[in-house]
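The following note sets out numbered points for a colleague's review. Please read each point against the structure shown here.

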Amino acid sequence: MTEQKRLSPGDQAPAFTLPDSEGKPVSLSDYAGRSVVVYFYPAAGTPGCTKQACDFRDSIGDLASSGYEVVGISPDKPEKLAKFAAAEGLNFPLLSDVDRKVLTEWAAFGEKQNYGKTVMGVIRSTFLVDPEGKIKKAMYNVRATGHVAKLLRELPA
């Protein structure tokens, strides 16, 4: 397996159109002219992913006042995302990438370490995308807990 080229600041963010939790298509281009946090997580409803999603939910006001909207992407089906969003009161779109095409294009799917073993899976990653659709910040292998607070501290002015 060849190493996926990771995205870096200044790269054009790979375009996507994915179904949201209600099955409606959402595209990165829908956010043209606005800043957006795009984050990739392994599985809706798991402890780490729930913690991370709730942190984004609870910080949505601070992110919005810094000019950022939030989009979460996982390989879960829309039905599972809808249950997750409802159960946790999530206030931002969750998108379904069942075939992992977008995850792969953003280098958020590939080899990772899990309990000391090398496995294929979702690499928990967060990206800041500027209004022109360029990567402003790319963070791979982020921690579920405390990540959003760290992100808020590091937001570019």
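1. Arg100 is located in the loop that joins strand E5 (94-96) to H4; helices (H or I, at least four residues) and strands (E, at least two) are DSSP runs numbered from the N terminus. Arg100 is not a glycine, yet its phi is positive, at about 65°. Its relative accessible area of 32% makes Arg100 partly exposed, where buried means under 20%, exposed over 50% and partly exposed in between (1.4 Å probe, protein chains only).

2. The model is predicted: local features need pLDDT of at least 70, side-chain atom pairs count only at pLDDT 80 or more, and totals for chains, interfaces and linings use all residues. Residues are numbered from 1 along each chain as its sequence is written, and side-chain values use heavy atoms, with hydrogens and water left out.

3. Ala107, in the loop between H4 and strand E6 (109-114), also has a positive phi, near 60°. Ala107 counts as buried, at 3% relative accessibility. Most residues other than glycine have a negative phi.

4. The largest nonpolar core comprises 25 residues, and Phe16, Val38, Phe40, Ile73 and Trp106 have the most contacts inside it. Such a core is a set of buried Ala, Val, Leu, Ile, Met, Phe, Trp, Tyr and Cys residues joined through side-chain atoms within 4.5 Å. Two or more residues come from each of strand E3 (35-40), strand E4 (68-74), helix H4 (101-105), strand E8 (125-129) and strand E9 (135-140). The most, 3 residues, come from E3. A second, separate core of 22 residues includes Ala44, Phe56, Leu128 and Leu151.

5. Which residues of helix H1 (residues 47-58) are buried? They are Cys49, Thr50, Gln52, Ala53, Cys54, Asp55 and Phe56. These pack against E3, helix H2 (60-65), E4, helix H3 (78-88), E8 and helix H5 (147-154). The end C-alpha atoms of H1 are 16 Å apart, which agrees with the 16 Å that its 12 residues should span at 1.5 Å a residue; the expected span is 1.5 Å times one less than the number of residues.

6. Thr118 belongs to strand E7 (residues 117-122). Leaving aside neighbours within four places in sequence, Thr118 is in contact (heavy atoms within 4.5 Å) with Glu111, Lys112 and Gln113. The C-alpha atoms of Thr118 and Phe16 are separated by 28 Å, with the two residues 102 apart along the chain.
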